[in-house]
Amino acid sequence: MEDENASISYFLGTDALGRDILSKIIAGARITVLVVVAAVGTGVIVGTTIGLVAGYFGGLIDDIVMRFVDAWNILPGLLIILVIVLVLEQSLETLIIVLAIVSWPGAVRLVRAETLSLKNREYVALARVAGASNTRIMIRHILPGVVNIVIVTATLGTGNIILLEASLSYLGAGIPPPEPSWGRMISEERQYIDAAWWTSLFPGLVIAMVVMSGNFLGDWFRDRVDPTLRQL
Amino acid sequence: MRRYLIRKLIFAIITLLAATMFVFGLSRMAGDPLLLFAKPGGYGMSPERVEQLSQKLGLDKPLVVQYLVWLGRVLTGDFGETIVSETSVRKLIWERVAPTMQLAVASFILAILMGVPLGVVSAVKRGSLSDYVSRTIALIGQAAPIFWVCIMAILLFAVTLDWLPVGTAGPDDVSFWTWAKFKYLIMPAFALGWGPAAALLRLTRSSMLEVLDSEYVTLARAKGTAYRVVVWKHAFRNAILQPLTTSAIILASFVTGAVVVERIFAWPGVGQLMTDAVWNNDFPTLTSTVLVFTAIFVAMNFLADIAYGILNPVIRYD
């Protein structure tokens, strides 16, 4: 019943209850991926669509959407989630929905800002002169221009959602037990920090490395889809 | 420009109102605050006492009335009393605003001083050693969970090396501008500022690369303009727009981050007050603290809008 340092049988040591940390990390990966992919996918698709429409049409639609986004943005996400999770029952579905709700406004803001500057370009005006409909202009002429920013957003979003989920789990409002969770591992072992540093170090390292891999992937993807960069 | 400003100001106020409604509604959904005092059939609270309490707290009136009464009192600066200790919320928040502001301002300055110049350098010297170093700092800053950074910092600098103290905001009787007090700020400020600095660095770099690739930069170079002038006068002014619009979102991350950082470092700020209020179901404190953060953030957003309007007259607002 005590912490054990790294050994041949337990590569990353064991926690206060003698459980293998490596096994817990591996088991936690599956649940983290599920939560994050579901949340980010929903958030980015919804956010990009809304941002594109708001930025392109402007006027009243833009005002309504942006005020809504602003109102949403100024609320501290972590705290809102804490309250919602406390109100509703703590479950995986709730967590995914709540993370998606929190993640979409970021995409809206950036896509809208990009659309605003793209829609006044001459090639868009020419497309309109050539008789292209609004839908066609948005999808064929503006969307390719904002894909770049969407990918960067989605990448940063993935990382942020993993981190947010970990923070929630750390505060005790994330992935519900008995599912293993990286954030909760750190929180449970925090009190033994000066006696058993490895119990906090390794789960955090894993979170950092996964988030970092996502960012690398995004960078690579960005270089691939942006022909102007490839020419450099 | 004047109409644009007035419009933004009106919207800022409406936003603030909508946010208050949302926060108020959420805090009420979190559960009947009365249940804290009187569990049905438990603790010997008589029905008369329950009624008395709910009258005192105004809980017997319709929700809309409760909201309006609450809003009216908030606007006159009366945040009510906490449920837990029955002390004035305004006093409680007021005591904790200064530490949070210290932390936020220190982290924001740190984030900008680290993020923007490093982002420009790493875009201009793409592929060089300084590019890789900057990007590594950014990658770690964005990838490491903030609570983990805090714990590791404590483990390294407080437990192992014993260089920096940890636990509070330092002694009360010492001025802020002394080392005795200031050394308490170092770890929390870095932990909170690292992530936003990384975000700023990435954004500055990516938009700077885009601008440097554009034709007018090539033209400016072809004219024979010095490279330094091209970078800072031609490219930087356009490239900074994207990071600028995001600075509001970066500020939002301070609110989230401050909640965690203040908890771990036992920093006596508003964020800590907030999480305590969540766990205690203490809705006067919760709504007031969220409102304070919200008001600050709306103001920051408004400033960003003004800056955006001044810097980019191309984008037409009508």
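Why do the end C-alpha atoms of helix 4 (residues 92-118) of chain A lie 39 Å apart? In this predicted model, local features need pLDDT of at least 70 and side-chain atom pairs count only at pLDDT 80 or more, while totals for chains, interfaces and linings use all residues. Residues are numbered from 1 along each chain as its sequence is written, and chains are lettered from A and ligands numbered from 1 in the order in which they are written. The separation of 39 Å agrees with expectation because 27 residues at 1.5 Å a residue should span 39 Å, the expected span being 1.5 Å times one less than the number of residues.

Chain A comprises nine helices and zero strands (DSSP runs of H or I, at least four residues, and of E, at least two, numbered from the N terminus). Of its 232 residues, 49% are buried (20 or more other C-beta atoms within 10 Å of the residue's own, with C-beta atoms placed from the backbone). In helix 4 of chain A, 20 of 27 residues are buried, and the helix is mostly covered.

Helix 1 (residues 21-57) of chain A packs against helix 4 of chain A at an angle of about 30°, with the axes 6 Å apart; axes are lines fitted to C-alpha atoms over the stretch in contact, and angles run from 0 to 180 degrees between N-to-C directions. The contact of these two helices has 21 nonpolar, nine polar and two charged residues (Ala, Val, Leu, Ile, Met, Phe, Trp, Tyr, Cys and Pro count as nonpolar, Asp, Glu, Lys and Arg as charged, and the others, Gly among them, as polar).

Technical notes: Buried ≥ 20, exposed ≤ 12 C-beta atoms within 10 Å, placed from the backbone.
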